[in-house]
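Trainee: Hi! Could you walk me through this structure while I have it open?

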Amino acid sequence: MASTIPNASFTLNNASFSDGKSYIGVPLMPTNLKFSSSTKFRQSSHLFVVKASNSQNGPGFLNKLGLTDAECEAAVVAGNVPHAPPFPPKPAAPIGTPVVPSLPLNRRPRRNRRSSVLREAFQETSLSPANFVYPLFIHEGEQDTPIGAMPGCYRLGWRHGLVEEVAKARDVGVNSVVLFPKIPDALKSPTGVEAYNEDGLVPRTIRLLKDKYPDLVIYTDVALDPYSSDGHDGIVREDGVIMNDETVHQLCKQAVAQARAGADVVSPSDMMDGRVGAMRAALDAEGFQHVSIMSYTAKYASSFYGPFREALDSNPRFGDKKTYQMNPANYREALTEMREDESEGADILLVKPGLPYLDIIRLLRDNSPLPVAAYQVSGEYSMIKAGGTLKMIDEEKVMMESLLCLRRAGADIILTYFALQAARSLCGEKR
């Protein structure tokens with residue numbers, strides 16, 4: 001819109017204070033200073049005017065004058081520069097803002113944050129549905145059973161509810177799942193033999209999913225606790241000691257059974273010493289060289305696992321898991337576990353829990369070339385859900401921030417119960 005500036009006369013009030021500073025718009029101790037403008041503006045000699053808007057053609061319309069490129073250039077060379085919209089005015093500060101000299105800063109990091117376009121351009125960490133692995137609980141029943149401590153999560157019927165949930169996840173770009181079974185008590189035993197039953201719940205489920213979705217990436221859990229009558233990840237001796245080598249023997253048979261059913265990645269979560277190397281040898285011996293191992297490298301004896309154990313009814317019948325899971329106070333020990341897993345043939349290193357152990361994720365990321373996974377465990381999920389329900393936090397924003405933090409710390413993939421919800425958010429869908 002073209003405009004002119006008329007002759008003007010106006011008065012400025014200047015405020016002076018005992019601190020020697022000036023303040024905008026405060027008429028204290030004014031000194032009347034009168035300015036007048038008597039400059040007469042000559043009629044413009046410009047050849048043509050560029051208008052930013054036109055009432056007849058809508059905002060932003062620029063009239064074309066039918067001039068050739070040569071004519072436009074000749075006009076500019078002759079001094080007939082076309083008008084453009086005026087320089088934007090400097091935004092006013094609120095009344096009372098002190099007038100201070102500009103700080104002598106060569107670098108102002110806020111410059112790169114001043115608009116959403118710049119913030120997105122310089123964002124260092126990204127989050128996409130491809131980064132998510134969706135943990136799913138399965139059981140032998142046909143109905144989907146809600147898990148009280150994990151709002152929005154269910155024990156899914158393996159033939160119906162599970163297939164539907166996987167379809168929903170795939171629709172928003174989540175094409176990786178990890179399976180956790182709820183085993184009937186009658187099938188549990190001290191040595192967990194049901195873990196390697198090739199017609200058991202997990203192998204049957206893998207075959208069903210691979211038949212329905214051949215390109216689905218299926219991770220499996222390798223541990224005895226869902227199958228153990230003692231609720232521990234390994235075989236328990238009569239004095240309460242968890243037997244290491246004997247447990248590894250059982251785990252190898254479990255991993256082979258899962259691979260034979262079609263698992264893409266087997267994931268030993270038991271924390272027994274030497275299990276990755278033994279498992280790699282067992283898989284290779286059976287012709288499953290293509291099956292990957294995601295080792296629970298740094299799995300801590302954490303209090304954040306409570307809701308998960310309710311979901312699978314897998315609480316230890318006695319004692320705790322501190323003789324095989326790591327001490328939450330330990331940092332350097334994670335390097336020892338990492339080096340062992342690397343040397344034994346692990347393909348992916350996992351840290352569990354996630355958000356409380358960002359330093360461990362970063363430690364593994366900085367010291368290993370292997371992909372790093374983080375498990376945002378049930379306690380983390382349930383706390384965000386509870387806070388959202390009570391309106392203490394914005395559930396959606398906290399969910400996305402927590403996942404972004406795991407990625408920023410160095411996680412390539414995240415096992416999260418928020419996978420479907422977060423992917424929908426990333427795809428712009430409503431919850």
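Mentor: Happy to. The protein exposes about 23,900 Å², and carbon and sulfur atoms supply 54% of that area (Shrake-Rupley method, 1.4 Å probe). Keep in mind that this is a predicted model: local features need pLDDT of at least 70, side-chain atom pairs count only at pLDDT 80 or more, and totals for chains, interfaces and linings use all residues. Residues are numbered from 1 along each chain as its sequence is written, and side-chain values use heavy atoms, with hydrogens and water left out.

Trainee: How much of the protein counts as buried?

Mentor: Of its 431 residues, 43% do; buried means under 20% relative accessible area with a 1.4 Å probe, protein chains only.

Trainee: And how many helices and strands are there?

Mentor: Twelve helices and 18 strands. These are DSSP runs numbered from the N terminus, helices being H or I with at least four residues and strands E with at least two.

Trainee: Let's look at helix 12. Which of its residues are buried?

Mentor: Helix 12 spans residues 419-426, and Ala419, Leu420, Gln421, Ala422 and Ala423 are buried there.

Trainee: What covers them?

Mentor: The cover includes strand 7 (132-139), helix 3 (161-171), helix 10 (378-389), helix 11 (395-409) and strand 18 (413-416). Just after helix 12, Gly428 has a positive phi of about 85°.

Trainee: New topic: how much space is in the second largest pocket?

Mentor: About 420 Å³. On a 1 Å grid over the protein atoms alone, a pocket is an open set of points with protein on both sides within 12 Å along at least five of seven lines, whereas a cavity is a set where a 1.4 Å probe fits but cannot get out; lining residues have an atom within 4 Å of a point. Of the 22 lining residues of this pocket, Tyr134, Gly152, Tyr154, Glu165 and Leu420 are the closest to its centre.

Trainee: Which elements supply at least two residues each of that lining?

Mentor: Strand 7, strand 9 (154-157), helix 3, helix 10 and helix 12.

Trainee: And what about cavities, how many are there of 30 Å³ or more?

Mentor: Three. The largest cavity holds about 130 Å³. It has 15 lining residues, and Asp225, Lys299, Phe308, Lys321 and Lys352 lie nearest its centre. Strand 15 (292-299) and helix 7 (306-312) are the elements giving two or more residues to its lining.

Conventions: Buried means under 20% relative accessible area, exposed over 50%, partly exposed in between (1.4 Å probe, protein chains only). Contact means heavy atoms within 4.5 Å. Grid points are joined across faces, edges and corners, and a volume is the space filled by probe spheres set on the points.
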